[in-house]
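Open the model in your viewer and keep the selection panel at hand. This tour goes stop by stop.

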Amino acid sequence: MINYGRQNIDQSDIDAVVDTLKSSHLTQGPKVTEFEKKVSDLCNVKYAIATNSATSALHSACLALGLGSDDILWTTPITFVASANCAIHCGATVDFVDINPSTFNLCPKALAKKLKAAKRAGKLPKVVIVVHLCGEPCEMEKLHQLSITYGFKLIEDASHAVGAKYKNSQIGSCLYSDITVFSFHPVKIITSAEGGMAVTNDPELERKMRLVNCHGITRSPSLMAEDHEEPWYYEQISIGHNYRMSDIHAALGSSQIEKIEEFIDARIKIAQKYDNSLGRLGIKRQETSAQNRSAFHLYVVKVPKEKRLGLYQHLREQNIITNVHYIPVHLQPFYRNLGFKDGDFPNAEAYYSEALSLPIFPSLSVTEQDLIIKSIEHYLLSE
């Protein structure tokens, strides 16, 4: 069976995890710090805070930015629900901005138009979360300029984009945002089995996120309410959560990140083969910029809606598993109950009616990819 995504684990990854299992620290030990350092070095960013998931990282990022019950967060409707749910967990209101139909990312023009109207109505967002869908970076310079003009905080949900580049800067450098969040789920670019990371250049945001991730507890004398000399003393100075990453997960992530360039190069090569073969069939995929380096976490094609289900089922009969990323968040029952409805974001809904994610992962063989391409060709040309 060929799945749409698959982790790549080799002996060096296994050895790293086994070594940690044999060590004296399974959690709150040196491997987490090591993994954080490798991510911060990759991104050329000052601070990296490991978490047990990207969902946790998004929540802690929103809390660190002070998002609360009187605030509004905007994001794209084409994303995993966690990009919106983090605001709900903070008690904030969620709204969405439609996508660019070519790049599938949040559209800066649509954002600018919506911001103008929101300013007139006195309902500007406090936070905007942009999502680098499939690993293709958003138009960060334009988005950053809008954040300055309208005074909102900017989070990059780069769950698909660790290792990607926006023009000459690494995604995660936070040159154009306050915080960037990564995911290390098994189907992502690198994996820690489960895990995430938030990165920032702001020391105050780093401090707040670390507090959120560890129950609001500190051992730093400078943050404590009372002076104590006892070496065991700690204080809970705020409410928090247990969002920490274990050393076992960090050991795997730290081993995986050594292979990130190899993984992305393999994904790019697979994407190029799809481009050359499927382009002849008139199949369109996400538009990517030559100035950027996509991580190609996903390879999404647009299939006419009257043929998509049939193609999905045909490929499944060949043991080729595709998927759809994503059902627009605003059409989920929870968000419909908040007042969202069909027609609210037409570009996102049109995208969803045609999108299909084809298998892409570093160990996908040429033979397997040829089978996928021939199966698609056979179905479309026989219809």
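Predicted model: local features only at pLDDT ≥ 70, side-chain atom pairs only at ≥ 80, totals over all residues.

Residues are numbered from 1 along each chain as its sequence is written, and side-chain values use heavy atoms, with hydrogens and water left out.

**Stop 1: helix H2**

Select residues 30–43, helix H2. Show Lys31 and Glu34. Their side chains form a salt bridge, 3.2 Å from N to O (a side-chain nitrogen of Lys or Arg within 4 Å of a carboxyl oxygen of Asp or Glu). The two sit 3 residues apart, about one turn of the helix. Glu34 is partly exposed at 29% relative accessible area (buried is under 20%, exposed over 50%, partly exposed in between, with a 1.4 Å probe and protein chains only).

**Stop 2: Asp71**

Go to the loop between helix H3 (54–64) and strand E2 (72–75), and pick Asp71. Is Asp71 buried or exposed? Asp71 is buried, at 18% relative accessible area. A polar atom of the Asp71 side chain lies 2.8 Å from the backbone nitrogen of Gly68. Next, select Lys126. Asp71 and Lys126 form a salt bridge, with the closest N and O atoms 3.7 Å apart. Lys126 lies in the loop between helix H5 (108–121) and strand E4 (127–131), so the pair ties together parts 55 residues apart in sequence.

**Stop 3: Asp227**

Finish in the loop between strands E10 (217–218) and E11 (235–236), where Asp227 lies. Asp227 is exposed, at 78% relative accessible area.

How values were computed. Helix = DSSP H or I, 4+ residues; strand = E, 2+ residues; numbered from the N terminus. Polar contact = N/O pair within 3.5 Å; in protein donor to acceptor, adjacent residues only side chain to side chain.
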